[in-house]
Amino acid sequence: MNPSLSIYDNLGGAEGVRAIIEAFYPRVYKDPLLSPLFPKDMEPVKEKQYMFLSQFFGGPSLFSDAYGHPMLRARHMKFPVTEERAEAWLSCMAGALTDTGIEEPLRSIILNRLSGPAHHFVNTP
């Protein structure tokens, strides 16, 4: 890991982010807590997540360019997000990072960065 580069660049740019997304969503769709929250067609969800994570990790502002300000909490309010679901989401991401060979300390940096938003979306006890 090069600390002078963005997370996006440390991941290898677009290719690295895409690899994480490809490893992540099959885990999400198999998770009994998370799968009911997602549409059957995984492709549009994967593309939006790719656009968002690219931007969130310091790459191009793909999501904002296409959809405006992310407003993540507002966009997730229609879904019953519990602490348990937030942790399941993070667990799926941790598995995807492992599957794609992301090593420490980058792995922990990414999970820490995603932990705040994941728990910020919690809207159901």
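Predicted model: local features only at pLDDT ≥ 70, side-chain atom pairs only at ≥ 80, totals over all residues.
Local features require pLDDT of at least 70 and side-chain atom pairs pLDDT 80 or more, while totals for chains, interfaces and linings use all residues. Residues are numbered from 1 along each chain as its sequence is written, and side-chain values use heavy atoms, without hydrogens or water.

T100 lies in the loop between α6 (83-99) and α7 (106-120). Helices are DSSP runs (H or I, at least four residues), numbered from the N terminus. T100 is partly exposed because its relative accessibility is 29%; the class lies between buried (under 20%) and exposed (over 50%), with a 1.4 Å probe and protein chains only. Beyond residues up to four places away in sequence, T100 touches A19, I20 and A23. Contact here means heavy atoms within 4.5 Å. I20 is 80 residues from T100 in sequence, yet their C-alpha atoms are 6.3 Å apart.

H119 sits in helix α7. UniProt, in an unreviewed entry, places the feature "binding site" at H119; such annotations may be inferred rather than shown by experiment. With 24% relative accessibility, H119 counts as partly exposed. Leaving aside neighbours within four places in sequence, H119 contacts E83, A86, E87 and L90.

D31 occupies the loop between α2 (14-30) and α3 (42-56). D31 is buried but has no salt bridge, defined as a side-chain nitrogen of Lys or Arg within 4 Å of a carboxyl oxygen of Asp or Glu. The nearest side chain of opposite charge, R85, is 7.0 Å away. Lys and Arg count as positive, Asp and Glu as negative; His and the chain ends are not counted. Outside four places in sequence, D31 contacts P36, A88 and C92.

Note on methods
Helix = DSSP H or I, 4+ residues; strand = E, 2+ residues; numbered from the N terminus.
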